[in-house]
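Subject: Structure handover

Hello,

Here is the structure I promised to pass on. Please open it alongside this message.

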Amino acid sequence: MPRTANQRLHSEYMRSRMKTIALVVMGCGGVGRQLIHHILSCRSLHADQGVHLRVVGVCDSECLVVASDVLTRELNDQFLSRVCHLKSNGSSLSTLADSDECLVYSNPESTRKAIDVAALLGKSTGLAFIDCSASAHTIHVLNRVVELGCCCVLANKKPLTSALEDYDKLFSYPRRIRHESTVGAGLPVIASLNRILSSGDPVRQIIGSLSGTLGYVMSEVEDGKPLSEVVKSAKSLGFTEPDPRDDLSGMDVARKALILARLLGRRINLDSIKIESLYPDEMRPDVMSVEEFLSSGVVLLDDGIQERVRKASLKGHVLRYVCMIEGSRCEVGIQELPKNSALGRLRGSDNVLEIYSRCYSEQPLVIQGAGAGNDTTAAGVLADILDIQDVFP
């Protein structure tokens, strides 16, 4: 649709007042690459909004690549596309070489260089570190760079579920932290909770299905399919991790529950959460291979789950794998829930969160939608990046 004269004038005005946000993207896996694609494809849109995202560095687990002069230059769009192509083929950024455009730093020098860049840009032009990795080790870099005036945007849950001491240090600068995509991918879970809490409305209970994989598994089992068949199907469809037990353990849901609990002010660590695994200890990855688990292990779980489905059905309930936060209680596992509730009606891989508070006492605030996927998660990260622009000089 052609733009009106007012829209064109507004666009020209915004472009004349362009704000630049410098970024270092940490992690070039599925989410990191998709974020870069989003940044490149939204150049025109962001220009109309008066924002330019200047990517000055990208890193993977082996090295950091930065613009040759981070004060005046950036990694151009062609180079960023090359990085995405390189990583999608399974190569390391270490295969790149120093050039007029970029400098390459291998570990452990890469960490020192990242902090140098943070010190140079953090309190002058502004800089945001975007953690799209899956590493628990980035917390130390994030804590250091936030002290240097940088902002941090996270899709990575592990820094937010580390020891309370590290968590407190990171959140001693709350305006510089955004982490919407750590829970529910692109869903407005964190934003909604923050709005409720900021209004003085005490949250009484949170209950949610926060794993697309386990949501799919439980709704399929409800239809009478054996758990073993559903797990194998989910793996073939790409819904699970390469080892489905990474999903079935409930640990990913526990991390999300911990992030929400800490947001509510609970002073707890991961080991404080009661976690129900869908498989017993004798089927742990260090005891049984993936092949063994899929061929002869998971089938042993079929009868137990089907019996629980049957008993719940007799009460008009269904089984859902959820996180439950209420008072001092924080646990994740299978719960019986009414069929006619938002969680009871859940089908497939959507995430659903019910929030009960003073204002939402009888009918909870319900947030539902796609809660996983590289595209959705990266879009949530991008929205968080744009949200921090007012923090910059």
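Predicted model: local features only at pLDDT ≥ 70, side-chain atom pairs only at ≥ 80, totals over all residues.

**The seven-strand sheet**

Start with the open sheet of seven strands. Its order is β4-β3-β2-β1-β5-β6-β7, and the pairing is mixed. β4 (102-106) and β7 (177-178) are the edge strands, each pairing on one side only.

With β2 (residues 51-59), β1 runs parallel, joined by eight bridges. T20 has H52 in β2 as its bridge partner. With β5, β1 is again parallel, this time through five bridges. There, M26 stands opposite D131.

β5 continues the pattern towards β6 (residues 151-154). Four bridges link these two strands in the parallel sense. I130 faces V153 across that pairing, standing opposite it in β6.

How much of β5 (residues 127-131) is buried? Five of its five residues are, so the strand is largely enclosed by the rest of the structure. In a regular strand, side chains alternate between the two faces of the sheet. β5 can be read that way: L127, F129 and D131 point one way, while A128 and I130 point the other way, and all are buried. Note D131 in that set: it is buried, and it is the residue opposite M26.

**The helix on that sheet, and its partner**

The crossing is right-handed. From α2, the contact uses G30, V31, Q34, L35, H38 and I39. From α15, it uses N374, D375, T377, A378, A379, V381, L382 and I385. By class, the α2 contact with α15 has eight nonpolar, five polar and one charged residues.

**The six-strand sheet**

The other sheet to look at is also open. Six strands follow the order β9-β11-β10-β8-β12-β13, with mixed pairing. β9 (274-275) and β13 (365-370) stand at the edges. Each has a single partner strand, so one side of each is left without a neighbour in the sheet.

β8 (residues 203-209) sits between β10 and β12 in that order. β8 and β12 (residues 350-357) run antiparallel, joined by six bridges. I207 is partnered with E354 in β12. β8 and β10 are also antiparallel, over four bridges. G208 has C323 in β10 as its bridge partner.

β10 and β11 are joined by 10 bridges and run antiparallel. R320 stands opposite Q335 in β11. The two strands form a hairpin with two residues between them. G327, in the turn, has a positive phi of about 60 degrees. Eight of the 10 residues of β10 are buried, so this strand is largely enclosed by the rest of the structure.

α9 (residues 212-222) lies across β8, β10 (317-326), β11 (329-338) and β12, and runs at about 150 degrees to β10. α14 (residues 302-314) lies across β10 and β11, at about 90 degrees to β10.

**Single residues to check**

- S357 is in strand β12. It is buried, with a relative accessible area of 2%. Beyond its neighbours within four places in sequence, S357 contacts I196, D201, P202, V203 and R204.
- P108 lies in the loop between β4 and α5 (109-121). The peptide bond from N107 to P108 is cis, with omega near 0 degrees.
- A185 is in the loop between β7 and α8 (189-198). Its phi is positive, near 55 degrees, and this is a residue other than glycine. A185 is buried, with a relative accessible area of 3%.

Why list the last two? Most residues other than glycine have a negative phi, and most peptide bonds are trans.

Best wishes

Technical notes. Residues numbered from 1 in each chain as written. Heavy atoms only, no water. Left-handed = near helix turned anticlockwise from the far one by under 90°. Contact = heavy atoms within 4.5 Å. Nonpolar A, V, L, I, M, F, W, Y, C, P; charged D, E, K, R; others polar. Pairing = 2+ DSSP bridges. Axes fitted to C-alpha atoms, helices over the stretch in contact; angles between N-to-C directions. Buried < 20%, exposed > 50% of the residue type's maximum accessible area, 1.4 Å probe, protein only.
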